[in-house]
Amino acid sequence: DSGVTQTPKHLITATGQRVTLRCSPRSGDLSVYWYQQSLDQGLQFLIQYYNGEERAKGNILERFSAQQFPDLHSELNLSSLELGDSALYFCASSVAGALSYGYTFGSGTRLTVV
Amino acid sequence: AQSVTQLGSHVSVSEGALVLLRCNYSSSVPPYLFWYVQYPNQGLQLLLKYTTGATLVKGINGFEAEFKKSETSFHLTKPSAHMSDAAEYFCAVSRPSGYSTLTFGKGTMLLVSP
C-alpha cells in the first residue's frame, strides 16, 4: 500500500457520460498530480494541485476538470466521454516543495468507455 | 521543455543476465532524474532518483543508474536479472524545482526468460 488511495479501481461507462475519479494523497503530502496512461500516448501529465490551488496544467482536455478540497483529497471530473478517453488514470502525491523525493503513485482507476 | 527518450519498447534477457535499460533526456537546466517500475495492474513505484551529488545512484531491488551529463543519459542497470524483475520501467525527468512536474518516457517492458 503506497498510501495514495484511488477510487474506484474500475469504471465502465457509456459515451457522453460524466464520471468522477477520487484520490486521497499520502498523509502529509500537499501536492496532488493526475496522469493519464494509455497505450498510444504513454503517461501524460494532466494537472497538479498544491494545497487546494491549481499549480500546473498539462495536456488536459477542456472536457476534464479537477479540484483539490480542504482535506486535500482531489477529484478528476471527466465529461462528455469519448471512446478515446478509455485509459488508466493515476493520481500521485508528493511532499510540498520536495520533488527530490519523487512522487508516490496510487494504483489507478481503469476507465473503460463503451 | 524537457523530454525523455527510452530506447527499446521491449528488452528481453535471460535470468541471471545483465539488465540494461536506456534513457536519454533533454533539459535546458540540470535535471532531476527518476526511474519508476510498474508491475501488472499496479501503480508506479520509485526505483531510484538522481538529484545532486554522486552520479551513480543505487536503488531498490539491486538496480542502479548513472547520470552522465556529457551523454545526457541515465541508463538503468542490474547485474543479474531475476524473474521477478519482469515489469515495465519508466524513466522520468523534472526541473530542479520543488513544484516541477515529472515528464515520463514511453516505458520499456522488461521480459525475463528462465
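This briefing walks through a predicted model, from one chain to the contact between two chains and then to selected residues. Chain A is built from 11 strands and has zero helices. Chain B and chain A bury about 1700 Å² between them.

**Chain A as a whole**

- Along the sequence, chain A reads β-β-β-β-β-β-β-β-β-β-β.
- Chain A has a radius of gyration of 13 Å, close to the 13 Å that the globule rule gives for 114 residues, so chain A is as compact as a globular protein of that length.
- The C-alpha trace of chain A spans about 40 × 25 × 25 Å along its principal axes.
- Of the 114 residues in chain A, 52% are buried.
- Among contacts in chain A with a separation of 6 or more, 53% join residues 24 or more positions apart.

- The size of an interface is often given as the accessible area lost when the parts come together.
- Chain B brings 22 residues to the contact, and chain A brings 25 residues.
- Five residue pairs are in polar contact between chain B and chain A, counting pairs with both residues at pLDDT 80 or more.
- On the side of chain B that touches chain A, the elements giving two or more residues are strand 4 (32–38), strand 5 (44–50) and strand 9 (87–94) of chain B.
- Strand 4 of chain B gives the most to that side, with four residues.
- By class, that side of chain B holds nine nonpolar, 10 polar and three charged residues.

- A:Leu88 sits in strand 9 of chain A.
- Its relative accessible area is 14%, so A:Leu88 counts as buried.
- Beyond residues up to four places away in sequence, A:Leu88 touches A:Tyr35, A:Gln36, A:Gln37, A:Gly108, A:Thr109 and A:Arg110 in chain A, and B:Gln38 in chain B.
- A:Leu88 and A:Leu39 are 49 residues apart along the chain, and their C-alpha atoms are separated by 9.5 Å.

- Side chains of opposite charge can pair when their charged atoms come close.
- A:Asp85 lies in the loop between strand 8 (74–78) and strand 9 (87–94) of chain A.
- A:Asp85 counts as buried because its relative accessibility is 4%, under the 20% cut-off.
- The side chains of A:Asp85 and A:Arg63 form a salt bridge, at 2.8 Å from N to O.
- This pair links distant parts of the chain: A:Arg63 is in the loop between strand 6 (53–57) and strand 7 (64–68) of chain A, 22 residues apart from A:Asp85.
- Salt bridges with shared partners join A:Arg63, A:Glu82 and A:Asp85 into one network.
- Leaving aside neighbours within four places in sequence, A:Asp85 is in contact with A:Gln36, A:Leu61, A:Arg63, A:Phe64, A:Ser80, A:Leu111 and A:Val113.

**Other salt bridges**

- In chain A, A:Glu54 pairs with A:Lys57, their closest N and O atoms being 4.0 Å apart.
- A:Glu54 is partly exposed, with a relative accessible area of 42%.
- A:Lys57 is exposed, at 54% relative accessible area.
- In chain B, the side chains of B:Lys78 and B:Asp85 form a salt bridge at 2.9 Å, N to O.
- Both B:Lys78 and B:Asp85 are buried.

**B:Gln6, a buried polar side chain**

- B:Gln6 belongs to strand 1 (residues 3–7) of chain B.
- With a relative accessible area of 12%, B:Gln6 is buried.
- The side chain of B:Gln6 reaches two backbone nitrogens: that of B:Cys91 at 3.0 Å and that of B:Gly107 at 3.1 Å.
- Not counting residues up to four places away in sequence, the residues that B:Gln6 touches include B:Arg22, B:Trp35, B:Tyr89, B:Phe90, B:Gly105, B:Lys106 and B:Thr108.

Note on methods: Residues are numbered from 1 along each chain as its sequence is written. Chains are lettered from A and ligands numbered from 1 in the order in which they are written. This is a predicted model: local features need pLDDT of at least 70, side-chain atom pairs count only at pLDDT 80 or more; totals for chains, interfaces and linings use all residues. Side-chain values use heavy atoms; hydrogens and water are left out. Contact means heavy atoms within 4.5 Å. Buried area is the accessible area (1.4 Å probe) that two parts lose on being put together, summed over both. A polar contact is a pair of N or O atoms within 3.5 Å; within protein, one must be able to donate a hydrogen and the other to accept it, and residues adjacent in sequence count only if both atoms are side-chain atoms. Ala, Val, Leu, Ile, Met, Phe, Trp, Tyr, Cys and Pro count as nonpolar, Asp, Glu, Lys and Arg as charged, and the others, Gly among them, as polar. The radius of gyration is taken over C-alpha atoms; the globule rule is 2.2 Å times the number of residues to the power 0.38. Buried means under 20% relative accessible area, exposed over 50%, partly exposed in between (1.4 Å probe, protein chains only).
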